[in-house]
Amino acid sequence: MATTTSTGDTHDAIRDAMQVALRLAASGPLADPNPRVGAVVLDAEGGQVGQGWHAGAGTPHAEIVALAAAGSRARGGTAVITLEPCRHTGRTGPCTQALLDAGVARVVFGQADPSTLAGGGARMLREAGLDVVGGLLADASAALNAEWTAAMRLGRPLVTWKFAATLDGRSAAADGSSRWITGPAARADVHERRAGYAAILVGTGTVLADDPQLTARYPDGSLRESQPLRVVVGHRPVPTGARVLDETAPTLLLPTRDPDVVLDTLWDKGIRRVWLEGGPIVAAAFLAAGLVDDVVAYLAPALLGAGPAAVGGLGIQTIDQAARLELLDVAVLGGDVRVLARPTSVAGR
């Protein structure tokens, strides 16, 4: 015999399920074209009978995993999902249809889907007769995919510019040497952050000067299981023996210096977050185009007095034209300082 539950009990069960779904969603990868999503299915009595999360592009969506776990117990129940169910067919089928086929009576979701391709699932389900409620723990749901959401609204990958410099702003010595400006703790932090991006971008100048491998590694030096796409932009040829062309990670060579062309190409490849490690010329091009969304700077307590600056010319003539940054965080890593900042204005914009 079914157990009768009060409205308050039902609300508590749904809220508890959303908390579980949020924790499940955090298991998904950051460096992925798709958002991180968690789902929990409740049966008609409010008991949790299925859980799932999205493990990355090409794998079943969170709703599909949770519905499969629930089986027939989903009929007449409630699907609780961190993101509005998608209504489009990509590598997998639309989650809206799967929910209808499973016979759920209610769908509760956190964040509305901002994408033009997949959004509108809630309306479709309502039109099919389901009880649909959006906005439960919406802020927490949105926080899971803040970068993805911003990228979808902009229609381009988000770009984080990383650089290492001395206190006088030099990215290399007068003879071109730059390894290593910062210490082991700062370099380990770089590798940790690289792993959360779908692509690492540099110019041909960096490849020719430093021959970097551009991989994401663990502190012991071993390669991480998943590697970002290595992207090299510019017209100069990359030597066949360059480390960036080895087998440790995929590489894309783009013979252009236009930041818009670069980001359009990467967007079409499903790249939503780019880690920009290019030298001063590439950095200046992205900054001047207003295409740097965040800055991660590693500053070493050292002075060189000469050598390349961290960024090239931005066309700035007076202090009033300075590209100002909003300071987000400052931390000491070993003997170096890490600064997280976000541009508030860019030269020419």
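A residue is classed as exposed when its relative accessible area is over 50%. In the predicted model described here, L327 is exposed because its relative accessible area is 56%. The place of L327 is in strand β12, which spans residues 325-333.

L327 belongs to a nonpolar surface patch that also contains V330, V332 and V337. Together, these four residues present about 360 Å² of accessible area. Strand β12 supplies the largest share of the patch, namely three residues.

Strand β12 is also part of an open sheet of eight strands with mixed pairing. The strand order in this sheet is β9-β8-β7-β10-β6-β11-β13-β12. Strands β9 (251-254) and β12 form the edges, each pairing on one side only. Direction ignored, neighbouring strands of the sheet are turned by 20° against each other on average.

Within the sheet, parallel pairing joins strand β6 (residues 158-166) to strand β11 (residues 294-300) over seven bridges. In β11, V295 stands opposite W161. Helix α7, formed by residues 184-194, packs on the sheet. The strands touched by helix α7 are β6, β7 (199-203), β10 (273-276), β11, β12 and β13 (336-343).

Key:
Residues numbered from 1 in each chain as written. Predicted model: local features only at pLDDT ≥ 70, side-chain atom pairs only at ≥ 80, totals over all residues. Heavy atoms only, no water. Patch = residues over 30% accessible without salt bridge, like charges linked within 9 Å, V, L, I, M, F, W, Y side chains within 5 Å. Areas by Shrake-Rupley, 256 points an atom, 1.4 Å probe, with all protein chains shown as cover. Salt bridge = Lys/Arg side-chain N within 4 Å of Asp/Glu carboxyl O. Helix = DSSP H or I, 4+ residues; strand = E, 2+ residues; numbered from the N terminus. Buried < 20%, exposed > 50% of the residue type's maximum accessible area, 1.4 Å probe, protein only. Pairing = 2+ DSSP bridges. Axes fitted to C-alpha atoms, helices over the stretch in contact; angles between N-to-C directions. Contact = heavy atoms within 4.5 Å.
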